[in-house]
Amino acid sequence: MAEKILMKGNEAIAHGAIRCGADGYFGYPITPQSEVMETLMEEKPWETTGMVVLQAESETSSINMVYGGATTGKKVMTSSSSLGISLMAEGLSYLAGAELPCVVVNVMRGGPGLGTIQPGQADYFQAVKGGGHGDYKMIVLAPASAQDMYDFVGLGFDLAFKYRIPAMILSDGVIGQMMEKVELGEMKPRRTAEEIREQCPWALTGKTSDRNRNIITSLALDPNVQERTNIRLQEKYKAIQENEVRYTTYMVEDAEYLFVAYGSMSRICEAAVDQAREAGYKVGLLRPVTLFPYPEKQICDLVPQLKGILTVEMSAGQMVEDVRLAVNGKVPVEFFGRNGGIVPSPDEVYEAFVKLFNK
Amino acid sequence: MDVNDIIRPENMVYAKTPILTDTVMHYCPGCPHGTVHKVIAEVIEEMGIQDKTIGISPVGCAVLAYNYIDIDWEQAAHGRAPALATATKRLNPDKYVFTYQGDGDLASIGTAEVMHACNRGENIVVIFINNAIYGMTGGQMAPTTLLGQKTATTPYGRDAKLNGYPLKITELIAQLEGTCYVTRQSAHNPAAVRKLKKAVRKAFENSMMDKGTSFVEVVSTCNSGWKLSPVQANKWMEENMFPFYQLGDLKDR
């Protein structure tokens, strides 16, 4: 019987990191995700798995520590919230440009500016469309439970190393703070130096006589070289789009209307689907689990059976743009959202659906 | 006597270390970066640590240091090299990890990273090239630019009221408990180069002794940025830089 423990989503991130064999965590305190580093410090993994945990002097430093660790082929990660992620934008672009694997957790709060410490989902554009400079993407995973928080650390590392790309876990204050039962997986040992040398021939493991020196850089003064890098990156993103889309559905088989929501809003929309079904409306839910790659084909495939789509977010409407791009005008796409730290209730979502589709 | 009679192993008095690659350096003639690179490469060769050394290059003229020293390298965002070094060393304690940074990189945009890495006593080596100017971007004022010194952004000379004072960051670093060895050297003549090499070797050795951070400043010229000939630049450095940035050990424990 696997171990099931009641814990916060943020705590699940910490346990997920230790148990998936992470080598290092570098972070800076910020609400609502400080429990990640607090839990790690309490667990003292350096005494058990040898995992390094360090409190940095800023988010700028923590993302650059992640960069420094990632260059050596280690599984390294950080976590922060919205404004802290803004400070990391330069580092994320460097990580993407230098094709380094890592996991970055954003437990989103309401913005802009210092904003609020209450939950939000207004960093979708930042996570999915860029945030930093240049043509780059990250794999973006959207957890909807404490269990997802635990599982996605390991999944994030697997995908990050498979494609040599930063993976972001785009969570929010609801998922980070709520307590749920989490099933802890088996303890996976950290990779040995030999395994890293074998699996990551690009990593800085020390220049030996049997290979050329490894250089991790995102610099190319020759624009022809830089364009080739960009073409390679775009090919990689295309492969990710083709192979790594993840999503879940709820009652879509006979649905005439579709809710599209991710993270904590997908949980709330599930309750709103039940409410709508009770009132006799054939409503279903599609929850993108990966925000990049986005399940655009999967949404588009449902279009023939649909009369309308309602996208629900804790933002002023960000992911809705990708839903509209996916269906390309073939079906009406409406939006409902609350923001600034307000979490809409299932009732509100249901009422918005009734109003927007003139029921 | 034929030239081949002279080129014999027993006649050899000097050889380029193989740790220095054959890539033609992009540095301006007269620039001390090449000399400092050679010193580091020689120390790596003499210590036999090519396979155990990871270098971190900055943003600035030395960004391409990875083309010249034959070890594994990572290239840092502007000012962040000490953060990279922190994680690289903590995750790989068997490696010698050093950053190579200029004055704009280390003493302006990267002040927080270097101060905190040194204060934590990371077992790394910081090589700090102080030429009192931003070389790569075309000779703008650096935090270490001297009062009265003309640069592209202080065309009438650095004025304390307008631009603040030159920052003696090495003196600040020496105050931090985490540092074990803080020294200020130069590379403008053979005697200075020999001293510098001793300092770099000590710094590298320290990094495996769990003593804390070793910090080696190299007071340097930028004859292109200063708009002087290499010889005039060395003279200007001796007359103006050395009185303000005094050479010698600030801390050794």
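In this predicted model, A:V140 touches A:A127, A:V128, A:M168, A:L170, A:T290, A:L291 and A:F292, leaving out residues up to four places away in sequence. A:V140 is also among the residues with the most contacts inside the largest nonpolar core, together with A:F259 and B:I127.

**The largest nonpolar core**

- The core has 181 residues.
- Helix α7 of chain A, which covers residues 146-163, gives the most to this core, with nine residues.
- Domain 1 (4-193) and domain 2 (247-356) of chain A both give residues to the core, so the core lies between these domains.

**Where chain A touches chain B**

- On the side of chain A, 32 residues are in contact with 28 residues of chain B.
- The elements of chain A that each supply at least two residues to this side are the strands β2 (24-27), β3 (52-55) and β9 (215-216), and the helices α3 (59-70) and α5 (89-97).
- Helix α3(A) gives the most to the side of chain A that touches chain B, with seven residues.
- By class, that side of chain A has 12 nonpolar, 14 polar and six charged residues.

**Helix α8 of chain B**

- Helix α8 of chain B runs over residues 190-206 and has 17 residues.
- From its first C-alpha to its last, this helix reaches 24 Å, close to the 24 Å expected at 1.5 Å a residue.
- The buried residues of α8(B) are B:L196, B:A199, B:V200, B:A203, B:F204 and B:N206.

**Residue A:E11**

- A:E11 has its place in helix α1 of chain A, which covers residues 9-19.
- A:E11 counts as buried because 24 other C-beta atoms lie within 10 Å, and the cut-off for a buried residue is 20 or more.
- Apart from neighbours within four places in sequence, A:E11 is in contact with A:E35 and A:T39.
- A:E11 and A:L221 are 210 residues apart in sequence, and their C-alpha atoms are 44 Å apart in space.

Terms used. Residues are numbered from 1 along each chain as its sequence is written. Chains are lettered from A and ligands numbered from 1 in the order in which they are written. This is a predicted model: local features need pLDDT of at least 70, side-chain atom pairs count only at pLDDT 80 or more; totals for chains, interfaces and linings use all residues. Helices (H or I, at least four residues) and strands (E, at least two) are DSSP runs, numbered from the N terminus. A residue is buried if 20 or more other C-beta atoms lie within 10 Å of its own, exposed if 12 or fewer, and partly exposed in between; C-beta atoms are placed from the backbone. Two residues are in contact if their C-beta atoms, placed from the backbone, lie within 7 Å. The expected span of a helix is 1.5 Å times one less than its number of residues. A nonpolar core is a set of buried Ala, Val, Leu, Ile, Met, Phe, Trp, Tyr and Cys residues joined through C-beta atoms within 7 Å. Domain bounds come from an automatic or database domain assignment. Ala, Val, Leu, Ile, Met, Phe, Trp, Tyr, Cys and Pro count as nonpolar, Asp, Glu, Lys and Arg as charged, and the others, Gly among them, as polar.
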